[in-house]
Amino acid sequence: MNADQGKTTDTPRVLEIPAASLVLLIGVSGAGKSTFAARHFRPTQVVSSDHYRAVVSDDENDQSATDDAFTILHAVVDRRLQRGLLTVVDATNLHTHARVALRRIARRHNLPSVAIALVPPVDVIRQRARERSDRALSAKAIDRQLTDLQHALDRLGQEGFRAVYVLRDPATVDTVTVRLVPFPGYRSELRGPFDIIGDVHGCRLELEALLHQLGYQLVRDEHGRAVGAHHVERTAVFVGDLVDRGPDSPGVLRLVMGMVADGDALCVAGNHEDRLRRALQGRRVQVSHGLRETLQQLAAEPEAFQARVRAFCADLVSHYILDGGKLVVAHAGLPEKYHGRDSKRVRAFALYGETTGEVDEYGLPVRLPWARNYRGQATVVYGHVPAADVEWRNNTLCVDTGCVFGGRLTALRYPEREIVSVPAERVWFPPTRPLSTPRWTVADGRA
Ligand code: CTP
Ligand code: MG
């Protein structure tokens, strides 16, 4: 799934909403927002502008209290989203600036936003307005809101909501169900034990050797190709960058995709899978860093296999939270404030890491030393930056030991914290920088 790529659904039956997100109800007065909120969400999950108007002025209809009410409403939304709690804003949300201000809070906490527009027929709205005893609204005020609503509906699809649901038919409003979808990387129920495997980069022979050494039974197809690997009690976790530079990216994909499909492995997205996905979707991508070779290797495979690879790369999560939250796996590592969060910023960090924008004497990006400042509870295991050896840093470990550059392919056995590795068969791709120089040294300016 791609962060913050909105999809508009008109007349849906099931509203899928990220379990940790900001939900904006949108609709004119009398559209049924408060009724909808009360039906589908817990009272503490709903923050209502009317409620805070009453809190600050003793009168929920006092429009002069609107600014004060929203000051408090924003503060409540901010504190709830900081905790990663689902928060539903029951206000008309008809104006762009109102939605922008709320979405900005969600973005600050790296959580997605969802819009639910309630759009009953105009005659229903007018009739409800006439019948309501708790609120008096002039016909002119309703007309103004209906105009604002039309502007909002025209814009919602481009505003950066993860999903936009438009409910028009009153019968639909009464029958839809809400399904809260947990962050897909949140698999803390999986307790392992795990074997967390570093960047493979198309080194199929070394991967087969490492899996064998870890005690996995390789599964082969009728052509003798490895299509899976099973261990009676352990699960493999790949830190991403399965492909590029090495001799057999399709072979590595075939093996790992099989393991993932059989429940023998998990895999997070690496920056190389991200570029491969974009290339396979026909997007314009630089075919550097070994991507050209991967695309050539894949071109020799049947279309069905390429389709599997496309789907596999598109579905990879940015990071996994495992073992009751005690273990986090992300390709380029992840600071604690991003664990379990779901935004473009989090995905970019997890896949690409954070760089200063400068390059070192080898022309490689200088990286910010997030691991040096890491004080989080969870153990973070990652790859991305090859080094000659592994070294624990504040409860984080990089398991990329540059196999494709002639180093080793390494696994961390978790929770045992044992290192198992196999040497590269050869230098498959010449390194830009000698493997013995850890990049942290360059970024930190000290050893
Ligand atoms: N109503 C209804 N059938 C629905 C939803 C609402 O008859 N499916 C009625 C409610 O009983 C209420 C009126 O319509 O009398 C307004 O509904 P409400 O949920 O309060 O609308 P809101 O959008 O919250 O209106 P406001 O912006 O004024 O708070
Ligand atoms: Mg209401």
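Proline 415 lies in the loop between β20 (408-414) and β21 (418-423); helices (H or I, at least four residues) and strands (E, at least two) are DSSP runs, numbered from the N terminus. The peptide bond from tyrosine 414 to proline 415 is cis, with omega near 10°. The model is predicted: local features need pLDDT of at least 70, side-chain atom pairs count only at pLDDT 80 or more, and totals for chains, interfaces and linings use all residues. Residues are numbered from 1 along each chain as its sequence is written, chains are lettered from A and ligands numbered from 1 in the order in which they are written, and side-chain values use heavy atoms, without hydrogens and water.

A cis peptide bond also joins glycine 192 and proline 193, with omega about 0°. Proline 193 is placed in the loop between β8 and β9 (194-197). Asparagine 93 has a positive phi, near 50°. This asparagine belongs to the loop between β5 (87-90) and α4 (96-108). Most residues other than glycine have a negative phi, and most peptide bonds are trans.

The whole structure contains 26 salt bridges, each a side-chain nitrogen of Lys or Arg within 4 Å of a carboxyl oxygen of Asp or Glu. Glutamate 16 pairs in this way with arginine 179; their closest N and O atoms are 2.7 Å apart. The pair links distant parts of the chain. Glutamate 16 is in strand β2 (residues 14-18), and arginine 179 is in strand β8 (residues 177-181), 163 residues apart.

Around ligand 1 there are 13 residues, each with a heavy atom within 4 Å of it. Ser29, Lys33, Ser34, Thr35 and Arg135 come nearest. The shell divides into two nonpolar, five polar and six charged residues. Here Ala, Val, Leu, Ile, Met, Phe, Trp, Tyr, Cys and Pro count as nonpolar, Asp, Glu, Lys and Arg as charged, and the others, Gly among them, as polar. Helix α1 (residues 33-40) gives the most to this shell, with three residues.

Backbone atoms also approach the ligand. A backbone N or O atom of glycine 30 lies 2.9 Å from an oxygen atom of ligand 1. For alanine 31, a polar backbone atom is 3.3 Å from a ligand 1 oxygen. For glycine 32, the distance from a backbone N or O atom to an oxygen of ligand 1 is 2.9 Å. The protein covers 72% of the 600 Å² of accessible area that ligand 1 has on its own (Shrake-Rupley method, 1.4 Å probe).

Note on methods
Polar contact = N/O pair within 3.5 Å; in protein donor to acceptor, adjacent residues only side chain to side chain.
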